[in-house]
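Please consult the sequence and the model while reading.

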Amino acid sequence: MLVMGVETSCDESSVSIVKDGKLVLSNIVLSQIDIHQAYGGVVPEIASREHVKGITRVFDQALKKANVTLDDIDLIAVTEGPGLIGSLLIGINAAKTVALDRQIPIVGVHHIAGHIYANHISNELEFPCLALVVSGGHTELILMKEHMDFRKLGETQDDAVGEAYDKIARVLHLPYPGGPQVDYLASLGMDKYHFPRPLIDSPDYNFSFSGLKSHVINLHHNLMQRAEEFEVADFCRSFQEAVTDILVHKTKKAAKEYQVKQIIVAGGVAANKGLRKKMKEWIQDIPVFFPAMEYCTDNAAMIAVAGYHQYQKNPTSSNMMLNGNSRLNLE
Ligand code: KG4
Ligand code: ZN
């Protein structure tokens, strides 16, 4: 079964062809990072326009690279939400146009289900499974008892972890997106400031990063005002240690409580080297998996894989009337 995945929820236009929910034949990602960098973050109106400019080319390239034609496609899976509504609608309308023209079934996929299923490309999911979702818009612990079954155990009460990374990077005058920059500098610095670890011992599985973010920004501001010398790398390392302590501690606790067979990490921040290392070091009795680097940040292969499982589970989920939903609920 050949699935064509389409993802345009934020600032990447991506189309992918995946065979039998596993084998990625092509995964074309047209990134707009260079354009948004000048503004220090994603500008929604510009993102929509760039999707319009690039999407047809991305469709063509994905088919060409996979060496297939639209006649070979059995299912189209497109990100339905959450995300920027203008961006979502470009991918959805392109996907629906192809589906209608070629009479191909089409399913709408939750963006976070896609991030979770990025793990399934290189590793077979085993249930019950715990997913730590860490991206620019989400920080959640999700329990899965079977394919495409999601129960939210806890989530951030304010900033998503990727968002906190990006904001701190901006204060430190690092280029957008800041996550990878902070991650790199953290590897060169020391945990000199030992920042607070909010909610680390709370009885629930919720997170909070906005207080930590303000703490880091205020300290930076004070040091600058007093003209004191400091190493940006130490700031990055101290922040990263605090964040990863919280994420790993809570994930381990939930994994034990729900006796999961495996832990998977999903979303852009799954690329973080400090998080990868600490997860493996602190959790040794339960297997921990991360997607390959290329499938951590937004891409259409993960949407195709999730769409495949969604359609297998419920073939009636094909829906030509699907529409963008910027606040789509995973559960
Ligand atoms: O999943 P993603 O591509 O988009 C969303 O769905 O949000 O995640 C993007 C986020 C950004 O906040 C980016 O700074 C962060 O993932 N990110 C990282 C790293 N690579 C990407 N954060 C920390 N360390 C990284 N290595
Ligand atoms: Zn994403």
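Pro177 is located in the loop that runs between α5 and α6. In this predicted model, the peptide bond leading from Tyr176 into Pro177 is cis, with omega near -10°.

**Backbone geometry**

- Pro128 belongs to the loop between α4 and β6 (129-134).
- Asn67, although not a glycine, has a positive phi of about 60°; this residue is found in the loop between α2 (44-66) and β4 (75-81).
- For most residues other than glycine phi is negative, and most peptide bonds are trans.

**Shell around ligand 1**

- Ligand 1 is surrounded by 19 residues, of which His115, Gly136, Asp166, Asp183 and Asn272 are the closest.
- Five residues of the shell are nonpolar, eleven are polar and three are charged.
- The helices α4 (111-117), α5 (161-171) and α6 (178-186) each contribute at least two residues to the shell.
- Domain 1 (2-116 + 296-317) and domain 2 (126-290) each provide at least three residues of the shell.

- An N or O atom in the side chain of Asp166 lies 2.6 Å from an oxygen atom of ligand 1.
- A polar backbone atom of Gly136 is 2.8 Å from an oxygen atom of the ligand, and for a backbone N or O atom of Gly137 the distance to a ligand oxygen atom is 3.4 Å.
- Of the 550 Å² of accessible area that ligand 1 has on its own, the protein covers 88%.
- The largest pocket is the space that ligand 1 takes up.

Technical notes: Residues numbered from 1 in each chain as written. Chains lettered and ligands numbered in written order. Predicted model: local features only at pLDDT ≥ 70, side-chain atom pairs only at ≥ 80, totals over all residues. Heavy atoms only, no water. Near = heavy atom within 4 Å. Polar contact = N/O pair within 3.5 Å; in protein donor to acceptor, adjacent residues only side chain to side chain. Areas by Shrake-Rupley, 256 points an atom, 1.4 Å probe, with all protein chains shown as cover. 1 Å grid on protein atoms, 1.4 Å probe; cavity = no way out; pocket = protein on both sides within 12 Å on 5 of 7 lines; lining within 4 Å. Sits in = over half its atoms within 2 Å of the grid points. Helix = DSSP H or I, 4+ residues; strand = E, 2+ residues; numbered from the N terminus. Nonpolar A, V, L, I, M, F, W, Y, C, P; charged D, E, K, R; others polar. Domains from an automatic or database assignment.
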